[in-house]
Amino acid sequence: MIEAINIKNKLEFIDELWTPKVIAELNGQQVKLAKIKGEFVWHDHKNEDELFYVLKGKLVMEFRNRKVEVNEGELIVVPKGEEHRPFAKEEVWILLFEPKTTKHTGEVKSDFTVDIPEKI
């Protein structure tokens, strides 16, 4: 059934930090929501670009040679192969758009790694 997806309502189902949930799929891509706070692990995705759209708060995307602040209502695309680490001083709500094949932490295994994201 085709229906509208209410992002605010979907965010109510997310209690854990750094655990993206799939809310839609199209053309081999997944649209995910996540709540984040603190620092993530350094990682990259050899074959996939990632789009991070900030719904609430301020995300800092760290790269080995610089940092980019991404404010509410802004997005950043991390190109494939670019090592990065998301960071958020306060809780941030993000929408992710990435190929379904994208591994959550790339080839890095950590306590943050989610092998199969839950669909909500």
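Start with the largest pocket, which holds about 380 Å³ of space. Here a pocket is an open set of points on a 1 Å grid over the protein atoms alone, where a 1.4 Å probe fits, with protein on both sides within 12 Å along at least five of seven lines. The volume is the space filled by probe spheres set on those points, which are joined across faces, edges and corners.

Before you click further, note that this is a predicted model: local features need pLDDT of at least 70, side-chain atom pairs count only at pLDDT 80 or more, and totals for chains, interfaces and linings use all residues. Numbering runs from 1 along each chain as its sequence is written, and side-chain values use heavy atoms, with hydrogens and water left out.

**Stop 1**

A lining residue has an atom within 4 Å of a point. Now colour by element: β2 (29-39), β3 (50-56) and β7 (84-99) each give two or more residues to the lining, and β7 gives the most, with 5 residues. Strands are DSSP runs of E with at least two residues, helices are runs of H or I with at least four, and both are numbered from the N terminus.

What does the lining consist of, in nonpolar, polar and charged residues? There are 12 nonpolar, 9 polar and 7 charged. Nonpolar covers Ala, Val, Leu, Ile, Met, Phe, Trp, Tyr, Cys and Pro; charged covers Asp, Glu, Lys and Arg; the others, Gly among them, are polar.

**Stop 2: Lys32**

Stay on Lys32, in strand β2. Is Lys32 buried or exposed? Lys32 counts as buried because its relative accessibility is 3%; the cut-offs are under 20% for buried, over 50% for exposed and partly exposed in between, with a 1.4 Å probe and protein chains only. Draw the distance to Glu98: a polar contact of 2.6 Å joins the two side chains. That term means a pair of N or O atoms within 3.5 Å; within protein, one must be able to donate a hydrogen and the other to accept it, and residues adjacent in sequence count only if both atoms are side-chain atoms. Beyond four places in sequence, Lys32 also touches residues including Lys21, Ile94, Leu96 and Thr102, where contact means heavy atoms within 4.5 Å.

**Stop 3: Lys21**

Hop to Lys21, in strand β1 (residues 21-26). Lys21 is buried, at 4% relative accessible area. Its side chain has a polar contact of 3.4 Å with that of Glu16. Leaving aside neighbours within four places, its contacts include Ile14, Val31, Lys32 and Glu118.

**Stop 4: Glu25**

Along β1 you also find Glu25, partly exposed at 36%. Which side chains does Glu25 meet in polar contacts? One is Lys100, at 3.5 Å, and another is Lys119, at 3.0 Å. Glu25 and Lys100 are 75 residues apart along the chain, yet their C-alpha atoms are separated by 8.2 Å.

**Last stop: zoom out**

Show the whole cartoon: 1 helix and 7 strands, in the order α-β-β-β-β-β-β-β. The C-alpha trace spans about 45 × 30 × 25 Å along its principal axes. Of the 120 residues, 40% count as buried.
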